[in-house]
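User: Could you walk me through a structure that is new to me?
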Amino acid sequence: MKPVVTARYLCKSYANQGKVLKGVDIDIRQGEFVAIMGPSGCGKSTLLHLLGLLHAPDEGSIEILGQDVTHLRQDQATLFRRNHMGFILQSNNMFPHTTVYENVEFPLIYRRVPRNLRADRIHGALDAVNLAGKVTAWSNNLSGGEQQRVAIARALVNEPQILLADEPTGALDANNSHSLMEVFQTICKRDNVSIVMVTHDSAMAQYCDTVYTLSDGRVVHSIS
Ligand code: ADP
């Protein structure tokens, strides 16, 4: 499988924090499901933010989809993210008083995809997260697990090659967490999307192809 992310010797400090990342190497292939684990404060979210081009590393390099993205300007990084990446957070940020369909349509309106091309993509994304039966439901009436799946469909509708997820099961019960992991696995294997997920839950990491464990800003363990 083709390399999607090649990150070398990533270092990052924050003011008054010292070095949070101290030389992290990470390799992600097409269709790979990757977990980043480790104790609170070890730098998991910082690493995810570097991979998502939300911050630049102080040292090291990041190549994504064959492009050196280490020193992109902010507007270039925004465009790169919009074209290639989706983000899923712990809280799913549904737009209130809207249907499931409208929630998933929003990124397509934002990208000026013509209306006649939107429906197929919206239905495809909702199929992928097993929500085909909820197209016309009001988002406020969905369970937490269903809302999180709408958030994933909203990220998928842009057809990203990479999904970055920060504790996506943090607000879900065990059943919903496990179904979400099955959805992620399907998206990786069927659609060849690479997923990088920060989690502190080893039961969720078991669904992944590769697990990177961070401690004090370094990778101490990587299991494929
Ligand atoms: P984790 O996700 O593993 O809990 P983080 O990457 O969120 O760890 O944070 C690692 C360290 O960096 C923590 O000590 C945190 O307080 C600090 N940190 C994270 N973001 C910032 C920021 N924007 N400014 C200053 N310190 C930060």
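Analyst: A residue is called buried under 20% relative accessible area, exposed over 50%, and partly exposed in between (1.4 Å probe, protein chains only). This is a predicted model, in which local features need pLDDT of at least 70, side-chain atom pairs count only at pLDDT 80 or more, and totals for chains, interfaces and linings use all residues. Residues are numbered from 1 along each chain as its sequence is written, and side-chain values use heavy atoms, with hydrogens and water left out.

User: Which residues of helix α3 are buried?
Analyst: In α3, residues 100-110, they are V100, N103, V104, E105, P107 and L108. Helices (H or I, at least four residues) and strands (E, at least two) are DSSP runs, numbered from the N terminus.

User: What covers them?
Analyst: The cover includes α4 (115-128) and α5 (144-156).

User: And what follows α3?
Analyst: R112 follows, with a positive phi near 60°.

User: Changing topic, what is the strand order in the open sheet?
Analyst: The six strands run β6-β7-β8-β3-β9-β10, with mixed pairing. At the edges, β6 (85-88) and β10 (218-223) each pair on one side only. Two strands pair if DSSP finds at least two bridges between them.

User: How many bridges join β6 to β7?
Analyst: Four, and the two strands run parallel; β7 covers residues 162-166. One of the bridge partners in β7 is A165, which faces I88 in that pairing.

User: Is L89 buried, exposed or partly exposed?
Analyst: L89 is partly exposed because its relative accessible area is 43%. This residue lies in the loop between β6 and α3.

Key. Contact = heavy atoms within 4.5 Å.
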